[in-house]
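Please look over the chain below, with an eye to its strands. A short report follows.

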Amino acid sequence: MGLTNQPPDLLPGTLDLLILRTLVRGPMHGYGIAERLRQISDEVLHVGESSLYPALQRLLMNGWVKAAWGASDNNRRARFYTLTAAGKRRLDEERKEFQKLVLAIQKVLETA
Amino acid sequence: MMLTRLRAWIRPGRWDAELAEEIEAHRALKQAEYERAGMSPHEAAAASRRALGNVTLAREDARRVRFAPWLESCRQDVAYAFRILRRSPAFAAAMVLVMALGIGSTTAVFGLLDALVLRDLPVRDPHRLAYVAHPSFSYPVFTELKRRAPHVFPQLFGWNLEGANVQWSSRLEPAEILMASGEFYETLGIAPALGRFFTVADDRSGGGPDGLVAVISHASWTRRFGRDPSVIGRTVRIDRRVFTIVGVSPAGFFGVAPGLAPELTIPLTVLADRDALEAPTRSWIHLMGRLSDDISVERADAALQQVWPAVLEVTVNPGMPADRRAMYLGRTVTLHSARTGFSRVRNQFEEPLWLLLALVALLLVVATASAANLMLARAVARRRELAVRLAIGAGRWRLVRQMVTEAVVWTALGAGAGVLGASWAGNGLVAMMTTWEDPIALETGLNLRVLSFTAALALLTAMGAAVFPALRASRANAGATLKESSQLTGAAGLRRWSAGKLLVSAQVALTVLLLFGAALFVRSLQRIVEQDAGFDRDVLIVSSDAQAAGYEAERLKAFHAALLERLRTIPGVEAASLSEYPPISDEDGAWTQSIGVDGAPVTQDASRYVYFNAVTPGYFRTIGMRLLAGRDFSDLDTAQSRRVVIVTESLVRRFFPDGDALGRRVSVGRDENRQDLEIVGIVSDAKYQRLQEPTRRIAYLAIRQLPDSMRDENLVAEVRTSGATVAVADRIRQEIGALDTTVPIRIQTINERIRESLVTERVLAMLATTLGLSALALACAALYGLLAYTVSRQAGEIGLRIALGADRATVRWMVLRQSLVLGAVGVIAGVAASFALGGFARNMLYQVSASDPFALAAAAGLMLAIALCAGLLPARRAARVDPVVALRVD
């Protein structure tokens, strides 16, 4: 598929997981998601727009989030993303998968 | 989810715009954040842009997320096809037109077949319905079957369509009325759109509690009353009786006979006389019913056979003579599924329509070949482009797919145009099949089945059109193609059998087949029309329906006498007469009886059947039949005088082989009803019902000698005119108007009656000819295209030959020969196919063999002539090639 903008410091697929998790709290626009991720991760995770928006499109296409235009805090038109039921299920699955992966990596790191 | 993707795929622009707006909103928020941190708006804007990074790349990525890659390349192919549409509109128009012609005509015919033959009746569970054949039964059989076979038919109804005169407001209009027994609507399981349906309670002689009631069809309610609900309670006169409209049938419901759309439905027995309700020999009711849930049509049929003899036994008239009785008890029945209804229109047109479908399918194949040829020519012209694309790494599969996609686009556009044309053409076809006597009403509207058929057809056509060009594209050899010059490639052009030539020859073959079919039908029609009718065809036939205007018995006789009187006084009228049946009685039917000779008893025997008509003196002279011996009827032949009869020469040949018939007696009827008639005249043979019939043996009686019971009928008038028939027809209208303005009349020439009786034959001949000529045009264009292309590719070789001293006539012949060879190969194949397939049309041909050599010669000759014409222009161009110019190219 040619070039991708997957940030090098994230494991593949992790960004989707993070976005879905962020949306659990309620509808958010793209900027809000980016800010939120940065805050929660204590400024560690800098999600570039170049990877955020393709990821959002992907989630949208898969039906895991819904998008609707609304007004942001400062009254600008912004697109708000909401988690769908399918998205919630997906989040659970991804979460389990991720935990398995992390455990596996930890195991490798500790024993190897 | 699929839907989201599809939407994004179809409207990429909108998605991109939304994404752009979203990212811009994001940037603005970021800018605001920077401003809060203390930057100047200008700095903040710049910083926010930097922070966002490569937005274009992000958008590209986002787009890639949206489209599966194959879907995206498909979109590109379609877009590419549309670009061709803009860049070579002539090519695109030709493709779409050819496809529209092929698919449209096939859809139109299939649409008719669907409406007439395939479509389920619009009622509840139509597959549980069954009808009883042979076609009609008496009322006693109906009641008896209801009583004895409830295990076969828990619900059974009788119905009939009958011509009647309906008076909606002031004028009487002839119309076909559906008469159905009280169980009709309940059995079919439909609900009224308005008001109520009639039931068993309404279905009794003279009417039920509400008197005479009628149900109006939805279409009629819409057309005549603009869907005004106040139609309930209105009255309408049907054959001079006043009916109250109590309900409106649901939209789309036409009864149980596809092709006929009666406006009014009335209970079966309200107008019936005692004879119709009691005589076991009066067969006038069709029977249809709903089978019990758990039995198949076959099992139901078996069960019906069990009770049938008893039904006959109970209903047989005890006074019947033994031979009649045996015949009555010998009647058999069979049960058929009535899922799609039961209709005489279907019986008349089903076979011709299937044949027509086969013919349009052939045209479609020709059109597909044309499309393939066009695409092939384009593929060749695009060889270099394709080779370049191959060279820079496009997959072969990708190129093939592109060809297929293009074909699908052309076909889809063509199918769209074709479907639009099809509903128009379908209505046109229905109009062609309709006659005054026999109006046909068919919903030719599109439905799922017709649309699926068209879609499947379009897909097949697209594949057919794409397969050759695609194969060529996949075989393209990048290196060789790019190296070769146009001169070198030309050399092979004329001789090798390329895909293009094969296609053209196939087209020629199919065209010959279609032309042959057309020639057969045209010749058959010609044969029929050329038949010696035995009378003149420009005689006017005046049909008046005085009974509808209330004339009966003596008043009816007086009306007819006055009518004849007035007709004879009109200037330009040479002679006038009255008769029971008009010449070419067609739908008016026939009157047949067995006769005995010289006092021998009359027996029921098909070989003794004779056709009867009753006429006034002067009938033979009026319509132009010759009196061969004896005399015509005269005013002296009355009810009081000796019974006389005039017979045709064929009748004489059959019953009086010694030729001496004048003064001999024939008898009709038996026992106390027996009548002896003396032959007083012999006339030349004439057609009775239609031109195609074998010569009938006809006996003419004097109207004034008919028993009164037989005289209570409308008579038709024949009028022989000198000069302008139109002016005379107007005068006739005036004269009848002067007698009584309420009497409905119709005036036509015998020739017009013949035309109406030949509607199936005419429609077939006309459509087959149209299809044949369309195919011919396509084949001609294909031949021309191929030759013109070959000549232009071959200019170098031709130039060389001319430079080396070849005669220009030789060059011309070289091209013409090519055209003829292509044509001849196709014609030979076509002739072979015609021999093989002609048999399918045999049933619809009259005195023409299904392998008629003249038709075959005409089809082959026309095709070869056209092939020659198609070659003329390219041949001339070849002969004009200037060697200097041609050899300098490249």
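## Strand pairing in a predicted model

A:Gly70 lies across from A:Ala78, a residue of strand 3 of chain A. The model is predicted.

Strand 2 of chain A covers residues 65–71. Strand 3 of chain A covers residues 77–83. Seven bridges hold strand 2 and strand 3 of chain A together, and the two run antiparallel. They form a hairpin. Five residues separate the two strands. In the turn, A:Asn75 has a positive phi of about 60 degrees.

Strand 3 of chain A also pairs with strand 1 of chain A, residues 28–29. Here there are two bridges, again in antiparallel orientation. A:Met28 has A:Tyr81 as its bridge partner in strand 3 of chain A.

| Strand pair in chain A | Bridges | Direction |
|---|---|---|
| Strand 1 and strand 3 | Two bridges | Antiparallel |
| Strand 2 and strand 3 | Seven bridges | Antiparallel |

In a regular strand, side chains alternate between the two faces of the sheet.

Now the whole chain. Chain A has four helices and three strands. Along the sequence, their order is α-β-α-α-β-β-α.

How much of chain A is buried? Of its 112 residues, 45% are buried. The accessible surface of chain A is about 6,500 Å². Carbon and sulfur atoms account for 56% of that surface.

Key: Residues are numbered from 1 along each chain as its sequence is written. Chains are lettered from A and ligands numbered from 1 in the order in which they are written. This is a predicted model: local features need pLDDT of at least 70, side-chain atom pairs count only at pLDDT 80 or more; totals for chains, interfaces and linings use all residues. Side-chain values use heavy atoms; hydrogens and water are left out. Buried means under 20% relative accessible area, exposed over 50%, partly exposed in between (1.4 Å probe, protein chains only). Accessible areas come from the Shrake-Rupley method with a 1.4 Å probe; for residues, only the protein chains shown count as cover. Two strands pair if DSSP finds at least two bridges between them.
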